Amino acid sequence: MAEFSKRSEVTIETMGRVHNPSGQGVAAFSAKKRTDAKPTNGGPPLPHTHHGKPIDEHATGKIEEGSSRRNITRKKTDPASTGRYDSRNKKQGGAGKGKWDDPMDGSDHVASAEPLDENDPLYVAEEDADPSSYILSSGKVADELRHSGAGPSAYDASNDKAVYGPMLTLSEFKIRVSDAVREYFDSSDADEVVRCIDEMKCREYHPEVVKRAISLGLDAEPRERELVSRLLACLHPNPLTDEEMEMGFEVLLDSIDDLVIDIPDAKAMVGSFLARAVVDEVLAPAFLSNRNNTHPGDCVVEKAVSLLSREHCTARLEKVWGPGDGRPVSELKEIMDQLLKEYLLSRELDEAASCVRELKASHFHHELVKRGVKIAMEEDGRDHASESSSLDAMAALFKFLVNNSICSEYQVSKGVSRLRKILADLKLDVPAAPKMLDEFEEMARDGGFLHVSGTVGEKA
């Protein structure tokens, strides 16, 4: 007998709705249908229970008659709802310790705030009685002004309130001033800085402008330091008065020890700022003497006094930040001529290299090469000798500059090319100029600081 013949017959009752979509012949079952239990003592029938609860509480219910689909009602769920589990009743781990039921924004304290007591010594009837009469203040100075009976210094349109004292806090004011000074370094527009300070309406913090501007200039190049000196002259006497300017330098001098940690030359540069401010009539000369009396032995003040004691100090302090302060090209050319002539007299390579570095004009070094070779030719005279001492010294200088990465080979090549284009005019003063230029190029190639000569074009 075959094995499949021993199996029970597959009928509609055993397969259900899968093979019988209509459900015909399948016994209907409903959760409402209960099987009454027979009483043991002849009493009324009792419903079936499980752990003390009726069985029908957890029973499954059929959605429609004649269907095998079941609707399972889970625990802790309202039977009247959709049947989905309500996660709001979960403890969310840790026995509900991490669950926040009450707001944490302080609104519960605000709502339960006690009314103001009229007997409080700090109670002011004309202000505390009306909640709309509150004012904005930004420190102890504002509170003193308010209680002294002084009028408001400004009006905040956004909050519709009167403001006593500065409009900003000190930290906010410092950030605004720093941003304005950095933008001034790019635009060189001092009027914009003056306008910005006027709009902030924080006269109590005006001495901080001096400190912030000079501190940013100390960490920058000579051009920025020259701009700071010009800015201080534009800020005086409006919006910064004499007292505010002096107070700003006082704050700067008191914090000089902190500046020296980051900027070792801070004392010498602050002394130059002091001397330049006296020359520009931003500070009175009496400020230095008063500071020297209260703080004897201050090296910063002594530096400023020594700069002011030199001959022609006014003309010298106008150029106190060196040739790299953004001066015109004509002045830069004059400084180059002085530098090269002084080098031919002293032959000090290190001193000449330091002066070239202070020019802060690496893009203009080709002019230095051109003028240097030309001066060397003129120094050697009209007749070319076998040994050109000035020309050799000039070749040694540019070799030293290239080897120390102060001047590039491209700038040397461009300078020689520009000099060759004016050779016809140079021959009128120095007849041996072409031969001397060829000799310089040969020394440059042998020295390794000129590889290609006469290939760099000149922009007229």
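A: A284 is partly exposed, because its relative accessible area is 36%, and the class covers values between buried (under 20%) and exposed (over 50%), with a 1.4 Å probe and protein chains only. The model is a predicted one: local features need pLDDT of at least 70 and side-chain atom pairs pLDDT 80 or more, while totals for chains, interfaces and linings use all residues. Residues count from 1 along each chain as its sequence is written, and side-chain values rest on heavy atoms, without hydrogens or water.

A284 sits in the loop between α11 (266-279) and α12 (285-294). Helices here are DSSP runs of H or I with at least four residues, strands are E runs of at least two, and both are numbered from the N terminus. A284 has E246 at 8.7 Å, C-alpha to C-alpha, across 38 residues of sequence.

Next comes E244. This residue belongs to helix α9 (residues 242-254). E244 is buried, since its relative accessible area is 11%. A polar atom of its side chain lies 3.1 Å from the backbone nitrogen of T241. A polar contact is a pair of N or O atoms within 3.5 Å; within protein, one must be able to donate a hydrogen and the other to accept it, and residues adjacent in sequence count only if both atoms are side-chain atoms. Leaving out residues up to four places away in sequence, E244 touches R203, H206, P207 and P239. Contact means heavy atoms within 4.5 Å.

Helix α7 contains G217. G217 is buried, as its relative accessible area is 0%. Beyond four places in sequence, G217 contacts F185, R225 and V228. V228 is 11 residues away in sequence, with 6.4 Å between the C-alpha atoms.

Helix α5 (residues 170-187) holds 18 residues. Its first and last C-alpha atoms are 26 Å apart, close to the 26 Å expected at 1.5 Å a residue. The expected span is 1.5 Å times one less than the number of residues. The buried residues of α5 are F173, V177, S178, A180, V181, Y184 and F185. Down the helix axis they fall within an arc of 165°, so they line one face of α5. That arc is taken over the directions from the axis to the C-beta atoms. I175 and D186 are exposed on the other side of α5. An α-helix has 3.6 residues a turn, so residues three or four places apart point the same way. The partners of the buried residues of α5 are α6 (190-200), α7 (207-218) and α8 (222-235). After α5 comes S188, with a positive phi near 60°.

Now the rings. The whole structure has 5 aromatic pairs. One of them is F173 with Y205, a tilted pair at 5.7 Å centre to centre and 50° between planes. F173 is in helix α5 and Y205 in the loop between α6 and α7, so the pair ties together parts 32 residues apart in sequence. Both F173 and Y205 are buried. F398 and F440 have ring centres 6.4 Å apart and planes at 85°, so they form an edge-to-face pair. F398 is in helix α18 and F440 in helix α21 (residues 433-447), and this pair links parts of the chain 42 residues apart. Rings of Phe, Tyr and Trp (its six-membered ring) pair when their centres lie within 6.5 Å; planes under 30 degrees apart are stacked, over 60 edge-to-face, and the rest tilted. F398 is buried at a relative accessible area of 0%. F440 is buried as well, with 0% relative accessibility.

Helix α18 also takes part in the packing of α15. The buried residues of α15 pack against α16 (349-358), α17 (365-380) and α18 (389-403). They are L332, I335, M336, D337, L339, L340, Y343 and L344. Helix α15 (residues 329-346) has 18 residues and should span 26 Å at 1.5 Å a residue; its end C-alpha atoms are 26 Å apart, which agrees. Just after α15, R347 has a positive phi of about 60°.

Last, the whole chain. The protein chain has 21 helices and 7 strands. Of its 460 residues, 33% are buried. Among contacts with a separation of 6 or more, 65% join residues 24 or more positions apart.
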